[in-house]
2 protein chains.
Amino acid sequence: MEWNPDGSVTSPSGFEVGTHASRIKYDSRTDLALLHSTPPSACAAVFTRNQVVAAPVTLDRATLLANNSAIQAVVVNSGNANACTGATGLANAQQMQILTAQALNCPPDAVLVLSTGVIGVQLPMDRVAGGITAAANEMSAQHGPLAARAIMTTDTVAKHAAVSVSLPAGTVTIGGMSKGSGMVHPDMATVLGVFTTDADIPVRDLQRMLDTAVSRSFNRISVDGDTSTNDTVLLLANGASGIPIADSQTIALFQQGLDRLFIHLAQAIVRDGEGASKFVEITVTGAADDSAAHKIANTIATSALVKTAFAGSDANWGRILAAAGRAGISFDQNQVSLSIGVADPLALQLVQGGTPVAYQEADAAAIFAEPEFKVWFDLHAGPGTAMVWTSDLTHDYVTINADYRT
Amino acid sequence: MEWNPDGSVTSPSGFEVGTHASRIKYDSRTDLALLHSTPPSACAAVFTRNQVVAAPVTLDRATLLANNSAIQAVVVNSGNANACTGATGLANAQQMQILTAQALNCPPDAVLVLSTGVIGVQLPMDRVAGGITAAANEMSAQHGPLAARAIMTTDTVAKHAAVSVSLPAGTVTIGGMSKGSGMVHPDMATVLGVFTTDADIPVRDLQRMLDTAVSRSFNRISVDGDTSTNDTVLLLANGASGIPIADSQTIALFQQGLDRLFIHLAQAIVRDGEGASKFVEITVTGAADDSAAHKIANTIATSALVKTAFAGSDANWGRILAAAGRAGISFDQNQVSLSIGVADPLALQLVQGGTPVAYQEADAAAIFAEPEFKVWFDLHAGPGTAMVWTSDLTHDYVTINADYRT
């Protein structure tokens, strides 16, 4: 496996990107990206589970029902989510699909549409149309990183990478980009992930591998399926390498590469979380099952009191136990233990048998003062485990979100 | 019904209070209160549903199992929650019970113990013992407001009131105090409520009336039973007025007074929420049932994105719809409506049929800029309703909680 931190969605063969500054919301930044797959791609997708879904999600679900084996383009805009926009919004999403199909000379049902930004405002379709035409004139296999920039909202860094996987028949490449700037927990702003590969993969296998990778990455920065109106992760496989992923060995190797890329780009969202100054890995073990462990880990990871303690470098572990206790999972508080550290094995145990052990407060505070650290909560009652990633809750988060629209 | 905003737990006949500055955590404030009921009281109680419970909760549950008809004293300390303190913590809570019983000359199982403050630190029992002795020497029927002050943690105002209810047989009085300073959602710091009455009420009826009052007040500022390690609400009825609450008419009148007092003191916690600058009432109607409405209302009320929009006076209703959509309740996004205002009927409709109506942004911003306003979300799909109260999420909240222990 060869890791390429500068890679992108155009790292695999047969993909090209064009972007444009269309002034959808802001004046001086790119806000529209076209991704084109020269050979038609198989496409797997995971969408938000929110009851309120944006027009592009409705459209893409329908499009993929009709055609998930020959997707040729993805058009993405930032600055406007096209959510809560009713029939006009759906018509606008369809118009984006048609305009992209015309610009790239493919059928409309070979085009997927993604939007992210403010909710409840109709798209300025003249600007969007102009952006699609202009972006189509800028298509290049070098422009993948530009797409990662164009889809940003309050993100501060473009998130993209690629990985190459060596298989017996040759090398395939997987590229990707992600965006998502909300604190991620508990109310993430839109998370988008677009992944490409030149491997040849049947769509059913592709969907299974996508589901697995998402469960190991994007779903670990989310809460019990809590998702925004627009969240979408796409995986396109165009087969341009001529190398099939079919037998169990190649599937396993490909999944390894996919997982690494997904985890990297999901973690990148947390690291770039709105106002985030810390990256914290929370592991729960000893639960009755993985689902119970995940509920507890998520409750800890989304607790405002826990996250403000992280921000303040205050090793206030009582808040961690109190959060765990309200996750809706039964456990014996007299059995639990808690450790913290910057690397495995975790250096400092704080709690044993539900009560504090003798440790130096300064040692605990020093770990909480690190930009990255780990928390391990063990129920000592079963085989269930879960790991999630979260950030701290800072003044900057409030500043960003108290006045997002102005 | 006669409302007494300056009333307290000593407004009803037969109750007295003593307080003391015991230096449990801070040097220059009262932190220990004794409440004494001269005639033994029937006592109803509601405790936290958290899996992790503080020693006083464990002790009080056991005490009330043995004796809920002749409670004579409640001892409360602030500055230390006596939670996650193991066997030593339980022994200390028992010691508080015994010391109070000795100081007030009653059996230990006639004493209930409440603690609030930092988790995971053993109580300084010498100071607690000194405080109990000193407080017992200061008992007075005028000192109820002092108890409301002694139980404060990061609360900025003492919360107490009383109400008198006229019944055919005469007047009974209900007094109360509350504290609770966390943002209340989703991770409230300890909420304590202690209520007293001189009415004569059998304990079974008392518990039912307490449960009803809590469901209409303290449970509307909480999340699906999400409670801290120490949350406790007590209602003591000592019968000193000689007036029984027995038939359905007097029960209904008493419940009205009880509800008003509970709602006032629960809302006072939100108004005094950590860093809170706004008080927002959220009503959900048109759900399949009340439980579904409550889930949606709570999800809106606890959303960090919604609460920061409140803080910024930004009428970003898209966040409200997005939060509703992830509450785990199915609904048709094309049917929902949303209105806001400062008084009923709400002045400004923002959303109809899932999409924005034509309104002036300045009008919406003006309402969100008010210190108190209301949000009404209607699913138009059933009879279920719920109302909850919340605050905004401000810089001050982060400041208070990022460095609570230092």
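Predicted model: local features only at pLDDT ≥ 70, side-chain atom pairs only at ≥ 80, totals over all residues.

User: At what angle do α1 and α2 of chain B pack, and are they parallel or oblique to each other?

Analyst: Residues are numbered from 1 along each chain as its sequence is written, with chains lettered from A and ligands numbered from 1 in the order in which they are written. Helix α1 (residues 55-66) and helix α2 (residues 86-104) of chain B have axes 8 Å apart (lines fitted to C-alpha atoms over the stretch in contact, with angles from 0 to 180 degrees between N-to-C directions). Their angle is about 55 degrees, and with under 35 degrees counted as roughly parallel, over 145 as roughly antiparallel, 65 to 115 as roughly perpendicular and the rest as oblique, α1(B) and α2(B) are therefore oblique.

User: Which residues of α7(B) and α9(B) make their contact, and how many of them are nonpolar?

Analyst: The axes of helix α7 (residues 290-302) of chain B and α9(B) come within 8 Å and cross at roughly 130 degrees. Contact here is C-beta atoms, placed from the backbone, within 7 Å. B:Ile296, B:Thr299 and B:Ile300 of α7(B) meet B:Ile320, B:Ala323 and B:Ala324 of α9(B). By class (Ala, Val, Leu, Ile, Met, Phe, Trp, Tyr, Cys and Pro are nonpolar, Asp, Glu, Lys and Arg charged, the others, Gly among them, polar), the contact has 1 polar residue, no charged ones, and a nonpolar count of 5.

User: Is A:Ala322 buried or exposed, and which residues does it touch?

Analyst: A:Ala322 lies in helix α9 (residues 317-325) of chain A. With 34 other C-beta atoms within 10 Å, A:Ala322 counts as buried (20 or more; 12 or fewer is exposed, and in between is partly exposed). Not counting residues up to four places away in sequence, A:Ala322 touches B:Asn50, B:Val52, B:Ile119, B:Ser228 and B:Thr229.

User: Which element gives the most to the side of chain B that touches chain A?

Analyst: The contact takes 50 residues from chain B and 50 residues from chain A. On the chain B side, α8 (304-311), α9 (317-325), β13 (355-356) and α11 (395-402) each supply at least two residues; helices (H or I, at least four residues) and strands (E, at least two) are DSSP runs numbered from the N terminus. That side divides into 21 nonpolar, 23 polar and 6 charged residues. With 7 residues, the element giving the most is α9(B).

Note on methods:
Contact = placed C-beta atoms within 7 Å.
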